[in-house]
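Have the model open beside you as you read.

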Amino acid sequence: MPVAIPFDNSYARLPARFHAKLAPTPVARPGLIRLNRGLAEALGLDPDALSGPEGAAIFAGNLVPEGAEPLAQAYAGHQFGHFNPQLGDGRAILLGEVIGADGMRRDIQLKGSGRTPFSRGGDGRAALGPVLREYIVSEAMAALGIPTTRALAAASTGEWVFREEPLPGAVLTRVAASHIRIGTFEYFAARGDVEALRLLADYAIARHWPQAGQDPNPPLALYRAVVGAQARLVAQWMLVGFIHGVMNTDNCTISGETIDYGPCAFLDEYHPDAVYSSIDHAGRYAFGRQPQIAQWNLARLAEAMLPLFAEDAQQAIALAKEALAEFAPTFAAAYHSGMARKLGLPRPDPELVRDFLALLAEQRGDYTNSFRALAAAADDPAAVPALPGAPEAWAPWVVRWRAARASGQAPDGAAMRAANPAYIPRNHLVEQALSAALQGDLRPFETLLQVLSDPYREQPGREAFARPPQRHERVLQTFCGT
Ligand code: AMP
Ligand code: MG
């Protein structure tokens with residue numbers, strides 16, 4: 001049976017200056033490394049048909065399936081604080097959109113599919129390691145319940161890509177609510193193209209925030225919705241210990257999904273200053289700075305959208321400021337209600353959280369496992385939680401924690417475990433899976449994906465996946481590999 005993908009491509013219908021229409025560049029030897037069968041089914045695609053040679057050809061970019069209208073999207077972006085008016089998909093091709101079983105429209109995009117008019121000096125390709133890394137981490141985020149793009153497939157190209165060394169090439173098939181970024185708005189703002197800004201806002205409203213269309217000022221309502229979605233998203237990152245690593249405005253979606261897993265990492269030891277990315281020399285995107293950076297990015301979105309908010313510039317600025325001011329309270333509410341679930345508290349308690357994190361940083365404690373230790377001790381008032389470092393250091397805090405829990409209807413240990421993953425994509429596990437894959441052994445990659453697909457439930461026999469890295473296993477730096 002030939003592969004049939006029911007495309008309906010709304011982005012391709014936007015004016016020509018939104019994109020460049022071109023097909024992916026075929027590769028030497030397409031091979032399917034992995035198909036995400038569950039996701040394929042949810043998208044209304046046939047996993048059996050896609051797991052054959054035709055699927056490999058599609059996911060490597062050698063076969064443009066019927067109904068696809070391949071294109072590279074135009075966008076700009078602030079990278080590490082500096083504006084670049086022209087980025088765009090330099091190594092990605094949007095094949096088209098499908099409407100899933102849930103009625104949601106999603107992009108199907110190939111990443112690593114060859115050069116485009118936006119490639120600048122790049123080769124348009126991706127290496128196997130970063131492709132599998134994005135596969136693992138994006139699927140882990142989805143299983144954790146955090147809004148994210150997904151991985152539908154990874155394909156090998158049979159070609160080498162040259163970074164510091166020759167590496168096997170691969171293509172990731174990414175699925176997203178859309179690929180509209182803050183940088184997409186910035187692209188048209190930089191060109192003074194208000195008509196395109198308006199079209200883009202209308203498009204984003206129809207696709208992501210239809211209720212904003214009912215507002216007296218729809219573009220402003222769209223902006224408010226994005227502020228809220230980003231505030232809640234970053235709160236979820238902070239709760240789970242995720243460091244994005246490259247929060248440039250081109251890596252920040254209008255849908256509120258996490259996108260672009262480059263030098264990202266999960267905290268092992270807790271520290272707000274933690275930075276893993278090899279390119280983040282100044283610590284701009286350190287763990288603890290993420291809420292502030294999200295807010296900075298949203299200010300750039302407001303600047304780009306100003307002409308849509310009001311005709312009068314001063315009035316537009318006032319409206320934007322008022323909308324952006326919602327970021328801090330929205331973030332705080334999401335973060336502290338999440339922390340109350342994680343700590344098993346009847347209500348948010350910012351001071352108890354602050355002191356917990358200060359002690360954790362001091363004791364160099366494992367972020368994920370410390371919450372699980374509290375959950376394990378929650379149901380027995382006499383139990384001493386197995387927190388890192390000296391128990392005496394924790395004793396006064398534990399007394400306050402018990403008292404806070406006793407002051408109302410507190411979640412029990414089981415409810416706390418449902419809010420605290422046992423398994424996260426720990427950096428050393430990801431690295432081990434990738435280096436085995438580079439040696440041709442995909443089993444650690446498969447096992448890791450399987451463990452991470454059910455992160456909140458303890459899986460007997462999988463204890464090693466919950467263990468922090470030993471000294472020699474520690475990953476100190478992550479690379480975007482582009
Ligand atoms: P990223 O760091 O993946 O968010 O990419 C930032 C920008 O660089 C985007 O415009 C990408 O399309 C572009 N880019 C990254 N890697 C490559 C590559 N190998 N070839 C061409 N463009 C690339
Ligand atoms: Mg990017």
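Start at D193, which touches R17 and F188 once residues up to four places away in sequence are left out; contact here means heavy atoms within 4.5 Å. You'll find D193 in the loop between helix 5 (182-190) and helix 6. Helices (H or I, at least four residues) and strands (E, at least two) are DSSP runs, numbered from the N terminus. With a relative accessible area of 15%, D193 counts as buried, a word that stands for under 20% relative accessible area, with exposed meaning over 50% and partly exposed in between (1.4 Å probe, protein chains only). A polar atom of the D193 side chain also sits 3.0 Å from the backbone nitrogen of A196.

A few ground rules before going on. This is a predicted model, where local features need pLDDT of at least 70 and side-chain atom pairs count only at pLDDT 80 or more, while totals for chains, interfaces and linings use all residues. Residues are numbered from 1 along each chain as its sequence is written, chains are lettered from A and ligands numbered from 1 in the order in which they are written, and side-chain values use heavy atoms, with hydrogens and water left out.

Now zoom out. The chain is assigned domain 1 (11-176) and domain 2 (180-422 + 466-482), with bounds that come from an automatic or database domain assignment. Their centres, taken over C-alpha atoms, are 26 Å apart. Domain 1 brings 40 residues to the contact and domain 2 brings 47.

How much area do domain 1 and domain 2 bury between them? It's about 3,500 Å², with 58% of it on carbon and sulfur atoms. Buried area is the accessible area (1.4 Å probe) that two parts lose on being put together, summed over both. On the domain 1 side, R17, H78 and F80 lose the most area to domain 2, together 19% of what that side buries.

Strand 4 (77-79), strand 7 (105-111), helix 4 (128-144) and strand 10 (166-176) each supply at least two residues of the domain 1 side. Helix 4 gives the most, with seven residues.

Seven salt bridges also cross this interface, and the whole structure has 30. The rule asks for a side-chain nitrogen of Lys or Arg within 4 Å of a carboxyl oxygen of Asp or Glu.

Have a look at E97 and R207, whose closest N and O atoms are 3.9 Å apart. E97 is in strand 6 (residues 92-99) and R207 in helix 6 (residues 194-208), 110 residues apart. Both are buried. They also belong to a network of salt bridges linking D8, R13, E97, R105, D107 and R207.

K111 and D260 form another salt bridge, at 3.2 Å from N to O. K111 lies in strand 7 and D260 in the loop between strand 11 (242-243) and strand 12 (265-266), so this pair ties together parts 149 residues apart in sequence. Both K111 and D260 are buried.

Finish at R426 and D268, a salt bridge with its closest N and O atoms 2.7 Å apart. Both R426 and D268 are buried as well.

Note on methods. A polar contact is a pair of N or O atoms within 3.5 Å; within protein, one must be able to donate a hydrogen and the other to accept it, and residues adjacent in sequence count only if both atoms are side-chain atoms.
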